[in-house]
Amino acid sequence: METFTWQEIDGMIYSIASHIEKDDIDAIVGISRSGLIPAVMLSHLLDVRNFSILDIKRTDSNAINSKKSEPHYQGLFNDLYVKNKNILLVDDIVGAGETMKLAREILNPLVQTLKAATLVVNESNLKDCTVFDIVDYCGAIIHGWAIFPWEGKHLGGNL
Amino acid sequence: MRTSLALSKIFPVNKRLDPVLEITHFISQWVKSVGYYPTMLFTNVIDYPDFQIVMNLFKRHTFLHRIGVFGDDYVRQLAHRYLEVEISNTSGSIDGYNSYSSLGKLPLMMHQPRESGRYLTSFITSLVDPESGYTNLGFYRAYVKDVNKLVIFMDPRTDAHKIVNKYYETGEKDIPITLFNGGPLPVYLAAASAIPVNRDTFSVAASLNNDPLCLLYADYPAAPIDSEIIIHGRLCKDRAKEGPFGEFKGYYHEGTESPVIEIDEVLSREKAIMMGLFCGKESGLTLMSLQNEYMLYSHLLSKGFSVDNIRCPLSSFGEFLTLIQCSNPNKDILNEAMKFDKRTKTIIVSKNIDEIEKELSVNNFIVHVSDYVKHGVRQGNRLGIIVERAEDYIWSEY
């Protein structure tokens, strides 16, 4: 289990952004829910204001090591920013890569070019492929469940 | 090392970067922007497609996790292993390594703009003491004079320097030497430690590891069989200039005239990951801090003192400030610590070292001043502080 701090999130965002030519990106698509947070941070850092949301539901609960169901497409919002554009697709974590695969299948017919970024890859869940077979940019590689600061677990339930 | 990589949060960097200055420049800019230094894996090293470079692998948490030491009392656990655990190492062979005749295939780095060139900063030097037969391991900077020659700086105070002189005294001209990179992390901690000459450094590494190591014995001093890179060579009587070099304290050392190593053979693992070390940053300081902590703890324990904890903060380069926590701070502990560790400039002995500024602010303390001597010359003062909790305060809750 790897717990990430906000400082580490900053670091991963900086790292991903430093690999990207911002002129090559017309719009950013964040995968809802948690992909939206790094997607918004990247949109600010890269100064890309066109923003779209791809809603794919995967986990059924917020619990650690919770069982994941098949990714399920819910909708694409602000799709006018996506059509025939150069897109950066962003998620928070890639495990087996199922969500990212579905997201690519949805977006590829619509866009001009598609690059994918994720904050974290859990390498122990990858099967017969490498990190960069699934995404173009990755902030960090780990081997276990990731806990992100926006989950609030570090606040310790003192409310 | 590979196990440690699997335990780490690895920040991959796929940008094409040159090992000459570009990797350290990238790290430097990164740290300035973000404020800390993660473990980074450089996967796209210009001119060296067969190698990756990992930087800043030695984070305290990962290091201790890797060797099975958990909890805040890690210094006590390390000292216990150092003093009490005896394990025999085994020997083995390497298979499937690439063999080269020179250093030209290795992604050796230049770290700072005003350095004289590429340097080995993260290779462990392995030498055999001709008297005892023990292997001595240590970290020494080695300047890449050309693809066939290194110039290695060994401070005259080090055991390696004394071992080399023993060979010279017997008339030996070519001293077999091994430099290796990667392999089990406890070997790095043992190599950074000021081990007494009557102990074999690989044996200490096995004690710290709490598990035997498997070593490659050849015509050269031993190296772990799971090293990423092994360099075999001969340390000659020839000397050459090395430096300037960016020291860990953040300034340039002008350089020295030091012994030359002639390279005989370079072995590298298939798809090797070279461990880099950026002097003065977290990894090197962590090794220095850990070794200072557990060695002093072991010493005080062996002298009959009861100590709860020791910290050498990275903010003081892991060696110039030493905090000792014990239930009865007194001048005997302070004196023994100052006698043992002559590099540290300030030692504070207190009942609580977690909030040392608060301890010093609230309580009274006694100061002991002595000479700070470096290279045999008095440079200034050393400071010892004993915090006295004269009053047992009832601390407010909120």
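Four bridges link strand β1 (residues 10-13) of chain B to strand β2 (residues 39-42) of chain B, and the two strands run parallel. Please keep in mind as you explore that this is a predicted model.

**The β-α-β unit of chain B**
- Together, β1(B), helix α2 (residues 22-34) of chain B and β2(B) form a right-handed β-α-β unit.
- Within the strand pairing, B:Val13 has B:Phe42 of β2(B) as its bridge partner.
- Strand β1(B) is covered on both faces: B:Ile10 and B:Pro12 are buried on one side, and B:Phe11 and B:Val13 are buried on the other.

**Residues with positive phi**
- B:Leu21, in the loop between β1 and α2 of chain B, has a phi near 70°, which is a positive value in a residue other than glycine.
- With a relative accessible area of 26%, B:Leu21 is partly exposed.
- A:Asn84 is another residue other than glycine with a positive phi, here near 60°.
- You can find A:Asn84 in the loop between β4 (68-77) and β5 (86-94) of chain A.
- A:Asn84 counts as exposed because its relative accessibility is 57%, and the cut-off for exposed is over 50%.

**Cis peptide bonds**
- In chain A, the peptide bond from A:Ser32 to A:Arg33 is cis, and its omega is near 5°.
- A:Arg33 sits in the loop between β2 (27-32) and α2 (36-45) of chain A.
- In chain B, the bond from B:Gly243 to B:Pro244 is a cis peptide bond, with omega near 5°.
- B:Pro244 belongs to the loop between β14 (227-242) and β15 (245-246) of chain B.

Definitions and conventions
Residues numbered from 1 in each chain as written. Chains lettered and ligands numbered in written order. Predicted model: local features only at pLDDT ≥ 70, side-chain atom pairs only at ≥ 80, totals over all residues. Heavy atoms only, no water. Buried < 20%, exposed > 50% of the residue type's maximum accessible area, 1.4 Å probe, protein only. Pairing = 2+ DSSP bridges. Right-handed = clockwise from strand over helix to strand, strands pointing away.
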